[in-house]
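Here's a quick tour of how the side chains pair up and pack in this model. Have the structure open as you read.

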Amino acid sequence: MGRALPRQDQNLTETSSKSNLRQAVEAISSLITYSYAVKVFAAKWQLIRNKLEELNSGLIAIENCDSSQNPILSGLIFAIVVSSNDCYDLARRCVDLSYSGKLLMQSDLDVMAAKFDRLVKNLSGICTAGILTHGFAIVVSRPGANACKDDMRFYIRDLLTRMKIGDTEMKRQALVNLLEVVAADEKYVKVAVEVGAIVNLLVSFLDYMEKEIQEEAAKVVAVISGFDSCKSVLIGAGVIGPLIRVLESGTELSKEGAARGLKKLTENSDNAWSVSAHGGVTALLRICNSGDSTELIGPACGVLRNLVGVEEIKRFMIEEGAVSTFIKLAKSNDEAAQISSVELLQIIASGDESVRQLLVRQGGIRALVQLLDPRHPSTSKSRETALRAIEILCFSSTSCISMLMNCGFTDQLLFLLRNGDVSVQELALKMASRLSGTSEEAKKAMGEAGFLPEFIRFLNAKSIQIREMAAEALSSMVLVPKNRRRLLQDDRHIGFLLQLLDQEGASLGYRRFLISILMSLTRSNSGRRKIVNSGYLKNIKKLAEAEVSDAKRLVRKLSTNRFRSMLSGIWHS
């Protein structure tokens, strides 16, 4: 059983010293402890305890405020002590089961709960009016790293009290402190959710008139919305509507927090419709179209990316001008905006011919190619994103490929093959390999641009996949007579190709492409002559003897009347 509450002096006057505030705190704390011994009317006592907890937190927060400075506050403290004594009498009778009737006791408990509710509201009103200021408030120290849950809960409750009854500066500082702990330690997030009232208060602060309160609340929501334990609580508290109102009329900082929070909340597609229903799509597109804040555009695009998976919302976005908005963003100088907008264009237009045509008409292909230009302020990551989008959106259409070529795509691709980071080079090689297989015009243009030496260079790459892509591209390129002549201009190329046939660990597919290249070169007498004179014919013979069919075909191709005696002499030497 809890420790019995000492009977307070009923001669307490309203003009007593501030020690009465400490007396009130002790009275409520003792009453809370004692109330746990009550085993009847559990729901009503839980309600009373909740009100007592709020009172206790509020009184602790103003404990170093001299109550004699304000008779209203002194009177409230007096009323709290008196009510605590009255409640103790009810608690004692419930513990002893000495009440005269259940209905009467239930009525008395309802009256007591209502009385404490009024006291909470009165304390809040006094403090909001200016009695509780930042200068008077005790600062409760943040618990240490290994603090127990009770200490953490006490600290969170103290912050809750300051947010509820403090002036603007105290509310703001409490939100700052809350942000610090929830960002640093997940345990504080769980405690905050358990305290409960904090989430509802944060949601209400999103509609606060004071912008600094709105900003700090949006920052806290952005952090806690990343935790699964908080998402359902935030949604249940109706956070979507206030977050979108912040996007529409808040400051840049509060908009950024709201967008980050919505991005995390819409990872669950069930919340997508709620965002759309509150006008969120229009608000987000307006932000992306304004281009004012690069810090804001990234998370705003992130929310839209989560929403675009819903077909009806995607259609609405297109009707609202999303394609032109994202093309404009792709041309910006900010990496996050470039990447987000290109990814959204890719998602919106992929598999949808009408949207792809819209993208082409509005200059989308030119914008993607521009991101590859070394003179454009784009990063390796932006270029990777652009290359992937080009592959998905352009290579299935001959008209799009023609437009790519007209936009200078081959020049940008060649530059990336020669100068890009490894990841970009690999993607560029993949694009070049695909481009070489699209048409004879593409092969000719690539040969004139200087792709042949680059493909040859990649034939000796460490990656088997890269070697095969280069060999496949080169085998396609030399089907064009002019490209064969270019390749044969350098005698070293033939010897290098023949050496690679004997390369250790070479895959069957890789060798097949190499033999295909050599077969194409044998279409001319000069090509056959250079192969025969290369000094590496034995590599072909070895493959032929190993029953490699393509190698046998190459041997037969070389064994014409003109070269037969020469080959016989070489292979028997």
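What follows covers the ground rules, cysteines, nonpolar cores and salt bridges.

## Ground rules

This is a predicted model, so local features need pLDDT of at least 70 and side-chain atom pairs count only at pLDDT 80 or more, while totals for chains, interfaces and linings use all residues. Residues are numbered from 1 along each chain as its sequence is written, and side-chain values use heavy atoms, with hydrogens and water left out.

## Cysteines

With a disulfide taken as a pair of cysteine sulfur atoms within 2.5 Å, the count comes to zero. Cysteine 94 is buried at 2% relative accessibility (buried means under 20% relative accessible area, exposed over 50%, partly exposed in between, with a 1.4 Å probe and protein chains only).

## Nonpolar cores

A nonpolar core here is a set of buried Ala, Val, Leu, Ile, Met, Phe, Trp, Tyr and Cys residues joined through side-chain atoms within 4.5 Å. The largest one has 149 residues, and Leu304 and Phe326 are among those touching the most other members. Another core, of 38 residues, lies apart from it and includes Tyr34 and Met112.

## Salt bridges

Count a side-chain nitrogen of Lys or Arg within 4 Å of a carboxyl oxygen of Asp or Glu, and you get 28 salt bridges. Aspartate 185 pairs with lysine 187 at 3.3 Å between the closest N and O atoms; aspartate 185 is buried at 18%, whereas lysine 187 is partly exposed at 42%.
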